[in-house]
Every structure is written in C-alpha cells, then in structure tokens.
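Welcome! Please take a moment to look over the sequence and the model before reading on.

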Amino acid sequence: MDFALIMLLILVGTGTVWGLDRWLWSAGREQRARALSEAGKAEAAELARKEPIYVEYARAFFPVILIVFFIRSFLVEPFRIPSGSMLPSLYIGDFILVNKFSYGVRLPVANNKILEAGQPKRGEVAVFRFPGNPSINYIKRVIGVPGDHILYKDKKIYINGKLMEQSDGRPYFFASGGDAQGEALRLTESLNGVKHDILTTNRLDPPLPEIVVPEGKYFVMGDNRDHSNDGRYWGFVPNQNLVGKAFLIWFSWDMAAQDKWFWERVVWNRIGNSIN
C-alpha cells in the first residue's frame, strides 16, 4: 500500500478519535464523574473522568502526524537511493530530500496537481513514479523537455541538433557491492550549461533513433549511462508522474562495508551535499 495512503488513514483515524472525544465522549465522561462525585465516590469519579488510553494516544499523535503529513506531501520528502544508475552523482545508500513544491503542488494519494509552481528543466535530477508501475519511484536526470528533439549516439547526447559537450575524461572504478563492476570512463557533461558527471563504458548502446519529446512528457536518463534503466528503454515520463526535484543528500550510508561499526559506515563527507 502507498505510504502516503497509510499516513492519510492514520491521520484520519487519530483525528476522528480525538474529535469524537472532544465533542461527544468527554461530556459523557464528565457527566458520569459528576454523578459519582455527588454520590460521595471521589475515587470512582476520578477514574470515570480519565481519558481512555486510545484517546490519549490519538490526541498525542494527531498533531505530529498532521505536521509530518503536510511537510511530506507539500514541501519535502525523503528517499533512499537503491541502485547505482545515478553514479557518480548519487551513491547506493545516499538518503536524499526532494522538493515537492518545485514541479507544482499535488493532492496526496490522488496526485492531482492543484497549483502550478514550475516545470522540470534540462539537467535537473527528478524523482517520479515509474510509468510502468506507479507504485515504484525512480530517480533520473531530465534530458529532454516537451518539444525537444533528442538523439543519443556514440555515448553522446544531441538536443535539437546540438551536441552536449563532454570533457575531462578520467578513469572510474566501480566500488564492490554495487550493481556494476569493473572500470568506466568518468566525464563532465554540460546540458545547455548545466554541468554534471556521467559514467560510460565500452558496452554497445541499444539502437535509438532521434525522438521528439511529446507535450506534457519528459525524457530522462541515468548518469551511469550503461547501467541505467531509463527513458531509452521504456519511453517518457508523464507530467502527472512527477514527484519533485532532488536537491540535497541529508545522509549517506556505506552499503558495502557490512563488517564495520555503525559510525564507520556513515559517509560523512557526502552529508549536506547539494544535488546538481
């Protein structure tokens, strides 16, 4: 079940219990307690006045869940990077924050946009619900926006006929424990001025003719170009599937170093890094 739906159900449940107690049940308890008090049963009256345990929990948790639900639905949402498809920009074990406001405000669960606030731009790293299975979140870099002509040929991207420059090639060795092994070439790519690093290998590319990004959709790719299940294989990301723009690494955990202590597995120098 979708996590947002679970939170919504808990929010409604705790809010309903708290509201019913405030406006209905508490009056009955007070009436019974007053009757017991007038009968000289002070101890029983005190017990009758006491809130049930489930009301105490509902009253305590409702405001906390409401705040978390609001922040997670409309402002920022945390995600964990489970694969190496965005190497070298994002590592397996990175925990990131996504700006939910950047691509418009959407209703939780229904995902209908209720307020326009911006559109994805080329070079941004976006989280979206996978078109083939919307219950799964993907993270990729936006390559093409509506109307763009995209060609990927010989490990290079052409947008509207213009080659996106690649420079500063240097060797890169995949860390153990990931879903890619061996050596790659690390390059700095510029998508109309937005610079970021990518990885390529000598693996053959699938044939990809020039494509035109339809209205209301986006073309995305992983930075680890030869180890990424992205738009080259399954098509475009519809606007309604967008979740938000990834902007910050708030925690990083070394998934491969399982023999180390907790504090030794924290990758401190990645915490607080912005995502470009």
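The model is predicted, so local features need pLDDT of at least 70 and side-chain atom pairs count only at pLDDT 80 or more, while totals for chains, interfaces and linings use all residues. Residues are numbered from 1 along each chain as its sequence is written, and side-chain values use heavy atoms, with hydrogens and water left out.

Let us begin with confidence.

Next comes the interior. A nonpolar core is a set of buried Ala, Val, Leu, Ile, Met, Phe, Trp, Tyr and Cys residues joined through side-chain atoms within 4.5 Å. Buried means under 20% relative accessible area, exposed over 50%, and partly exposed in between (1.4 Å probe, protein chains only). The largest such core has 13 residues, and L90, I96, V125, V127, I139, A246 and I275 have the most contacts inside it. Two or more residues each come from β2 (94-99), β5 (125-129) and β16 (242-252), with β16 giving the most, three residues. Another core lies apart from this one and has 12 residues, including I150, L191, I211 and V213.

Now for helix α3 (residues 53-74), which holds P63 and also R72. P63 counts as partly exposed because its relative accessibility is 36%, whereas R72 is buried, at 16%. Leaving aside residues up to four places away in sequence, R72 touches F3, A4, M7, E77 and K100 (heavy atoms within 4.5 Å).

Finally, the largest pocket has a volume of about 480 Å³. On a 1 Å grid over the protein atoms alone, a pocket is an open set of points where a 1.4 Å probe fits, with protein on both sides within 12 Å along at least five of seven lines, and lining residues have an atom within 4 Å of a point. Grid points are joined across faces, edges and corners, and the volume is the space filled by probe spheres set on the points. Of its 23 lining residues, D2, A4, E77, N111 and R129 are the closest to the centre. Helix α1 (3-38) gives the most to the lining, with three residues.

Terms used. Helix = DSSP H or I, 4+ residues; strand = E, 2+ residues; numbered from the N terminus.
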